Amino acid sequence: MRVLIIEDERKAAQELKTLVLGLRPDWYIVGILPSAAEAIDWLNENKAPDLIFSDIQLADALCFHIYETVTVECPIIFCTAFDEYAIRAFETSGIDYLLKPIDRGRLEQSLKKLDGLRATFHPGGESKFADIGRLLECIAPARERTILVHHKGKIIPVNHTGIAFFHYENGYVTVKLLDGSVYSVSQGIDEVEQTTDPRLFYRANRQFLVNRYAIRDIERSFARKLVVKLTSHTPEPIVVSKAKSSDFLSWLESNGR
């Protein structure tokens, strides 16, 4: 389960993270976001989480502004010190409403409620999810290990492991190999992303899909953005937004697992 926490109080966010991982140690916290604006950016630029824990009164807006701006289909567990928003919370994808300070036992009830909903809508419950997860892990390395590129009237199969990055510009996608060769591909970059192994490639921004093994180093830039330097020359700087930087570093740290 990929879990997103939206909470503007750092201490409360860390306490919630500790509680959640204490009850579900195999879950992964994809981010902790302190404002509605950052949450909107994150949700627009990243793969949707499986679950959101959401404070209601954030520093810049009520959290409902997030869910009115971005389509969120995953379940939401609201965490707040105020009880007057309960009805409005359940008008979204809310499945529970926890009052602060959050009690471990009450949180466990919420997670059991989530388990029950998943079992209801996905017969077989947790065990089936686990089986599917293991199956996907087994077949993922074999998924689309080659891509067809075009060069001087020829169609050439290229192994994904030899690709440094894909780049989108003016409606065209090019692929640069680790050896420096550059080719064109017929697919759009969104389509290319769907056929690559997410453990090997990361969508850094709208223009670049990069191979983890082509990354040389990373620099922190203004406004908490990241600038990714590759072993190969790139046609423009690769900038990872502030909203996406935490997820990118976690992916890179995972070492392809």
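These questions and answers go through a predicted model of one protein.

Visitor: How many helices and strands does the protein have?
Guide: Of the 257 residues of this protein, 42% count as buried. Among contacts between residues at least 6 apart in sequence, 52% join residues at least 24 apart. The secondary structure consists of eight helices and 15 strands.

Visitor: Which strands stand at the edges of the open sheet of five strands?
Guide: The sheet has parallel pairing and the order E2-E1-E3-E4-E5. Its twist averages 15° from one strand to the next. An edge strand has a single partner strand, so one side of it is left without a neighbour in the sheet. The edges are E2 (28-33) and E5 (94-99).

Visitor: Which residue in E3 does Ile6 stand opposite?
Guide: Strand E1 covers residues 2-6, and strand E3 covers residues 51-54. The two run parallel and are joined by four bridges. Opposite Ile6 stands Ser54.

Visitor: Is Thr92 buried, partly exposed or exposed?
Guide: Thr92 is found in the loop between helix H4 (86-89) and E5. Buried would need under 20% relative accessible area, and exposed over 50%. Thr92 has 26% relative accessibility, so this residue counts as partly exposed.

Visitor: Which residues does Thr92 touch, not counting those up to four places away in sequence?
Guide: Val72 is 20 residues from Thr92 along the chain, and their C-alpha atoms are separated by 8.5 Å. Contact is a matter of heavy atoms within 4.5 Å. The residues that Thr92 touches are Phe64, Tyr67, Ile76 and Phe78.

Visitor: Which residue in the turn of the hairpin of E6 and E7 has a positive phi?
Guide: Strand E6 (residues 146-151) and strand E7 (residues 154-159) run antiparallel, joined by six bridges. Within this pairing, Val149 has Ile156 of E7 as its bridge partner. Two residues lie between the strands of the hairpin. The one with a positive phi, about 50°, is Lys152.

Visitor: Which strands stand at the edges of the open sheet of three strands?
Guide: This sheet has antiparallel pairing in the order E13-E14-E15. Neighbouring strands are turned by 30° against each other on average, direction ignored. Each edge strand has a single partner strand, so one side is left without a neighbour in the sheet. The edges are E13 (215-220) and E15 (238-240).

Visitor: What is the bridge partner of Arg220 in E14?
Guide: E13 pairs with strand E14 (residues 226-230) in the antiparallel sense, over five bridges. In E14, the partner of Arg220 is Leu226.

Visitor: Which strands does H8 lie across?
Guide: Helix H8 comprises residues 242-253. H8 runs at about 145° to E13. The strands that H8 lies across are E13, E14 and E15.

Visitor: Is H2 parallel, perpendicular or oblique to H8?
Guide: Helix H2 (residues 36-45) packs against H8 with the axes 8 Å apart and at an angle of about 55°. Roughly parallel would need an angle under 35 degrees, and roughly perpendicular one of 65 to 115. The angle therefore makes H2 oblique to H8.

Visitor: How many charged residues has the contact of H2 with H8?
Guide: The crossing of H2 past H8 is right-handed. H2 contributes Glu38, Asp41, Trp42 and Glu45, and H8 contributes Lys242, Ala243, Lys244 and Asp247. By class, two residues of the contact are nonpolar and none is polar. The number of charged residues is six.

Definitions and conventions:
Residues numbered from 1 in each chain as written. Predicted model: local features only at pLDDT ≥ 70, side-chain atom pairs only at ≥ 80, totals over all residues. Heavy atoms only, no water. Axes fitted to C-alpha atoms, helices over the stretch in contact; angles between N-to-C directions. Parallel < 35°, antiparallel > 145°, perpendicular 65-115°, else oblique. Left-handed = near helix turned anticlockwise from the far one by under 90°. Nonpolar A, V, L, I, M, F, W, Y, C, P; charged D, E, K, R; others polar. Pairing = 2+ DSSP bridges. Buried < 20%, exposed > 50% of the residue type's maximum accessible area, 1.4 Å probe, protein only.
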